[in-house]
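Please keep the sequence and the model in view while going through the points.

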Amino acid sequence: MKYKKIRVTAYVLAAAVTFSGMSLTVNAAGADSVLPSGGIGLSIARGNKLEDITEQTAIPVESIIECINIEDSKVATAASAEPTEEDLFRNLVIAQVKKYVNVRSLPGEDGEIVGKLYNNSVGTFISEENGWYQISSGTVTGYVKAEYCVTGEEAVEIARSVGTRIATVDTQTLFVRSEPTTESSVIGMVPEAEELLVLEETEGWAKVDIEEGTGWVSTDYVILRSEFVQAESKAEEEARLAKEEEERKRAREAAAAKAAKSSNTSNSSATQAAATYTVGEGSEMGVAVAEYALQFVGNPYVYGGTSLTNGADCSGFVMSVYANFGVSLPHSSAADRSQGYAVDGLENAQPGDLICYSGHVALYIGNGQIVHASNKKTGIKVSQADYRKILAIRRIF
């Protein structure tokens, strides 16, 4: 007999998902059924190395399955087959509530609350006891009331709709093509480590959403994963809230220091641009960021650029605008998804907020509009914020 080792690796993506300004109240359905926001991101991928959205690191969890290979046998054992994505989905526990379901230390409402599993967030099924599922989710292990969650075949049915399929670019520059062939025209280029929303998959290709439109990328040059949200422990919630407050404080201090060094002379072009496009209401600094950004409308888009006058790409534009206010942001639209703190929905966005899309980032100016370095054809321009699917909204001040 021969023994064959199969290495099954799952990579867990640690990405804080936050919420702001919401009071979390118990809903009438019961003490453990309450509203969604926050948590830790979970990625499920088959043997691919994942990069953490915020820390750019992957956390591998490996197990070795030893299986007996019976020579000349035509029967393959179930253990020898690599688990499919559907198999992984089947073992998920997915919260289906209005806000969140409490994770408790014991299978009953007398158990201590050790964390929160937000709506559409997931955990891994461990066992079932008296109407409670024991789960592991992020750093939290405990029990959730089964009536507020689904698992098994029900989890398979909704996993793809509650998760987000992401392709992370794994090459220095990736061509996005009009059709799923190497002979088709290139509609855009995407830098390494960028994260793209996957709309469709076929053999060897994935259809993604970029600023120039939808196109196809070879799966040889991306890492595919399904991104979910996991539970947040009490300690993680407290640490997140404290970190967000500290980031707000640092941003305000940096902006104030920058303003103190600047002259009091007004910028006529910025004033003219702000008059052309109505800047909405918000914080004083956020409005100032939006007004400053608008003066560069009409300037060129340059791939990899950071010059507000001679050309910038989307994240280079946002980075350079905020640099004028003493705030350092990364030159990466994927990394911008973790800056500052989360805003719950476009209806709550304020001028100066980062509006994050698949492979793109923009600055909100108010009244449903953004200013952004769009593409080579249009340069820096103003658009409607909902012209594409929004992945995240982040507030710096």
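How many bridges join β15 to strand β16? The points below begin with the answer.

1. Strand β15 and strand β16 (residues 205–210) run antiparallel and are joined by 5 bridges. The model is a predicted one, in which local features need pLDDT of at least 70, side-chain atom pairs count only at pLDDT 80 or more, and totals for chains, interfaces and linings use all residues. Residues are numbered from 1 along each chain as its sequence is written, and side-chain values use heavy atoms, with hydrogens and water left out. Strands (E, at least two residues) and helices (H or I, at least four) are DSSP runs numbered from the N terminus; two strands pair if DSSP finds at least two bridges between them.

2. Strand β15 (residues 195–202) also pairs with strand β12 (residues 164–169), in the antiparallel sense and over 3 bridges. Leu-197 of β15 stands opposite Ile-166, and its bridge partner in β16 is Asp-209. The hairpin of β15 and β16 has 2 residues between the strands, and Gly-204 there takes a positive phi near 80°.

3. A salt bridge (a side-chain nitrogen of Lys or Arg within 4 Å of a carboxyl oxygen of Asp or Glu) forms between the side chains of Glu-201 and Arg-165, at 2.7 Å from N to O. This pair links distant parts of the chain, with Glu-201 in strand β15 and Arg-165 in strand β12, 36 residues apart. Both residues belong to a network of salt bridges that also includes Glu-85 and Arg-160.

4. Glu-211 forms a salt bridge with Arg-388, the closest N and O atoms being 2.9 Å apart. Glu-211 lies in the loop between β16 and β17 (213–218) and Arg-388 in the loop between β26 (379–384) and β27 (392–395), so the pair ties together parts 177 residues apart in sequence. Glu-211 and Arg-388 are buried, where buried means under 20% relative accessible area, exposed over 50%, and partly exposed in between (1.4 Å probe, protein chains only).

5. In helix α2 (residues 153–162), the residues Ala-155, Val-156, Ile-158, Ala-159 and Val-162 are buried. Helix α6 (residues 314–323) is largely enclosed by the rest of the structure, because 9 of its 10 residues are buried; among them are Phe-317, Met-319 and Tyr-322.

6. Phe-175 lies in strand β13 (residues 173–177) and counts as partly exposed, at 40% relative accessibility.
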